[in-house]
Amino acid sequence: MLAEAQRLGMTLSAYCPLGRGIVLKEPVILDIAKKHGRPPSEIGLRWIVQQGVAAIPMTTKRDNAVNNFRALSFSRPEGDMRAISALTARHQRVVAPASMAGRWDN
């Protein structure tokens, strides 16, 4: 989907890109975060924006908002990007409520 959107000159957006915290528990994200001394949220968000996708993270906490903005201040090496991209091979999506999934998950 991303490749086709880019071919058409469209920008995709990731609403609730951290899956209400589910992404922050993913072992690959945790390992990369530890390796680089960054919060897992920054790693997950950076993976998204580094691909040219607009991320719309939700938070009510100041510290989380600061970390969200920090995701724009660095880039991930290709190896990290590949490791995170490999997670999508499981064909999982986090959509809540289920009614938002529509036909995508059918």
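The second largest pocket has 13 lining residues, and those nearest its centre are Leu 18, Leu 24, Met 58, Thr 59 and Asn 64. Sorted by class, its lining holds five nonpolar, six polar and two charged residues. The volume of this second largest pocket is about 220 Å³. The structure is a predicted model, and every value in this report is computed from it.

## Overall layout

The protein contains five helices and two strands. Along the sequence these elements follow the pattern α-β-α-α-β-α-α. Of the 106 residues in the protein, 28% are buried. The protein exposes about 7,300 Å², and 56% of that area comes from carbon and sulfur atoms. Among contacts with a separation of 6 or more, 69% are between residues 24 or more positions apart.

In soluble globular proteins, nonpolar side chains tend to be buried together. The largest nonpolar core here has twelve residues: Ala 14, Ile 29, Ile 32, Ala 33, Ile 43, Trp 47, Ile 48, Val 53, Phe 74, Met 81, Ile 84 and Leu 87. Helix H2 (27-36), helix H3 (40-50) and helix H5 (78-87) are the elements that give two or more residues to this core.

## Helix H3 and what follows

H3 is mostly covered, with eight of its eleven residues buried. The buried residues of H3 are Ser 41, Glu 42, Ile 43, Gly 44, Leu 45, Arg 46, Trp 47 and Ile 48. Which elements cover them? The cover includes E1, H2, strand E2 (54-56), H4 and H5.

After H3 comes Gly 52, which has a positive phi near 90 degrees. Gln 51 is in the loop between H3 and E2. Gln 51 counts as partly exposed because its relative accessibility is 23%. Leaving aside neighbours within four places in sequence, Gln 51 is in contact with Leu 2, Gln 6 and Met 81. Met 81 also belongs to the largest nonpolar core. Gln 51 and Leu 2 are 49 residues apart in sequence, while their C-alpha atoms are 8.6 Å apart.

Most residues other than glycine have a negative phi, and most peptide bonds are trans. Cys 16 has a positive phi of about 55 degrees although it is not a glycine. Arg 20, also not a glycine, has a positive phi of about 55 degrees.

Cys 16 is found in the loop between strand E1 (13-15) and H2, and Arg 20 is placed in the loop between E1 and H2. Is each of these two residues buried or exposed? Cys 16 counts as buried because its relative accessibility is 17%, under the 20% limit for that class. Arg 20 counts as exposed because its relative accessibility is 57%, over the 50% limit.

Not counting residues up to four places away in sequence, Cys 16 touches Ile 56 and Met 58. Met 58 is also one of the lining residues nearest the centre of the second largest pocket. Cys 16 and Pro 57 are 41 residues apart in sequence and 5.0 Å apart in space, C-alpha to C-alpha.

Asn 67 is part of helix H4 (residues 62-70). Asn 67 counts as buried because its relative accessibility is 14%. Residues up to four places away in sequence aside, Asn 67 touches Pro 39, Ser 41 and Glu 42. Both Ser 41 and Glu 42 are among the buried residues of H3.

Pro 77 lies in the loop between H4 and H5. Pro 77 counts as partly exposed because its relative accessibility is 40%. Along the chain, Pro 77 and Trp 47 are 30 residues apart, and their C-alpha atoms are separated by 10.0 Å. Trp 47 is one of the residues of the largest nonpolar core.

## Distances side by side

The table collects the residue pairs named above.

| Residue pair | Separation in sequence | C-alpha to C-alpha distance |
|---|---|---|
| Cys 16 and Pro 57 | 41 residues | 5.0 Å |
| Gln 51 and Leu 2 | 49 residues | 8.6 Å |
| Pro 77 and Trp 47 | 30 residues | 10.0 Å |

Definitions and conventions:
Residues numbered from 1 in each chain as written. Predicted model: local features only at pLDDT ≥ 70, side-chain atom pairs only at ≥ 80, totals over all residues. Heavy atoms only, no water. Helix = DSSP H or I, 4+ residues; strand = E, 2+ residues; numbered from the N terminus. Buried < 20%, exposed > 50% of the residue type's maximum accessible area, 1.4 Å probe, protein only. Contact = heavy atoms within 4.5 Å. 1 Å grid on protein atoms, 1.4 Å probe; cavity = no way out; pocket = protein on both sides within 12 Å on 5 of 7 lines; lining within 4 Å. Points joined across faces, edges and corners; volume = space filled by probe spheres on them. Nonpolar A, V, L, I, M, F, W, Y, C, P; charged D, E, K, R; others polar. Areas by Shrake-Rupley, 256 points an atom, 1.4 Å probe, with all protein chains shown as cover. Core = buried A, V, L, I, M, F, W, Y, C linked by side-chain atoms within 4.5 Å.
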